[in-house]
Amino acid sequence: MRIDKFLKVSRLIKRRTLAKEVADQGRITINGKVAKAGSAVKIGDELSIRFGQKVVTARVEDLRENVRKEDAQNMFTILKEEKLDKIEPQFIDDEE
């Protein structure tokens, strides 16, 4: 199954077009490798998705074409969620 479709069906990301954009920006990795929207995902793969200042790591547990809202959370297991430190821009004062 394509990663963009998996993210939509599992409801990790609400819309497939948004999942495609996130993948094309290089913010998704599958088993440590940067994924494109068309990258294949299989059971047991570990996904890391960067949402702004947060990185969510999940393991794929099930692949289905259609799933009810109540069953969508069974398609993956959240392994960890980590907040990224906000990086402040460095200002250089040339006048001194």
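Trainee: Which residue in the turn of the β3–β4 hairpin has a positive phi?

Mentor: This is a predicted model, in which local features need pLDDT of at least 70 and side-chain atom pairs count only at pLDDT 80 or more, while totals for chains, interfaces and linings use all residues. Residues are numbered from 1 along each chain as its sequence is written, and side-chain values use heavy atoms, with hydrogens and water left out. In the hairpin, two residues lie between β3 and β4, where strands are DSSP runs of E (at least two residues) and helices runs of H or I (at least four), numbered from the N terminus. The turn residue with a positive phi, of about 55°, is Gly 52.

Trainee: How many bridges join β3 to β4?

Mentor: Two strands pair if DSSP finds at least two bridges between them, and β3 and β4 run antiparallel. Ile 49 stands opposite Val 56 in β4, and Arg 50 has Val 55 as its bridge partner in that strand. The number of bridges joining β3 to β4 is six.

Trainee: Which strands stand at the edges of the sheet?

Mentor: The five strands form an open sheet with antiparallel pairing, in the order β2-β1-β3-β4-β5. Each edge strand has a single partner, so one of its sides is left without a neighbour in the sheet; these strands are β2 (33–34) and β5 (76–83).

Trainee: Which residue of β3 does Thr 29 stand opposite?

Mentor: β1 and β3 run antiparallel and are joined by three bridges. In β3, the residue opposite Thr 29 is Ser 48.

Trainee: Does Asp 4 count as buried or exposed?

Mentor: The side chain of Asp 4 meets that of Arg 16 in a salt bridge (3.4 Å, N to O), that is, a side-chain nitrogen of Lys or Arg within 4 Å of a carboxyl oxygen of Asp or Glu. Asp 4 lies in helix α1 and Arg 16 in helix α2, so the pair ties together parts that are twelve residues apart in sequence. Buried means under 20% relative accessible area, exposed over 50%, and partly exposed in between (1.4 Å probe, protein chains only). Arg 16, at 32% relative accessibility, counts as partly exposed, whereas Asp 4, at 2%, counts as buried.

Trainee: How many salt bridges does a search of the whole structure find?

Mentor: Arg 2, Asp 4 and Arg 16 are linked in a network of salt bridges. Asp 62 and Arg 64 meet in another (2.8 Å, N to O), and Arg 68, exposed at a relative accessible area of 55%, forms one with Glu 70, with the closest N and O atoms 3.3 Å apart. The number found in the whole structure is ten.
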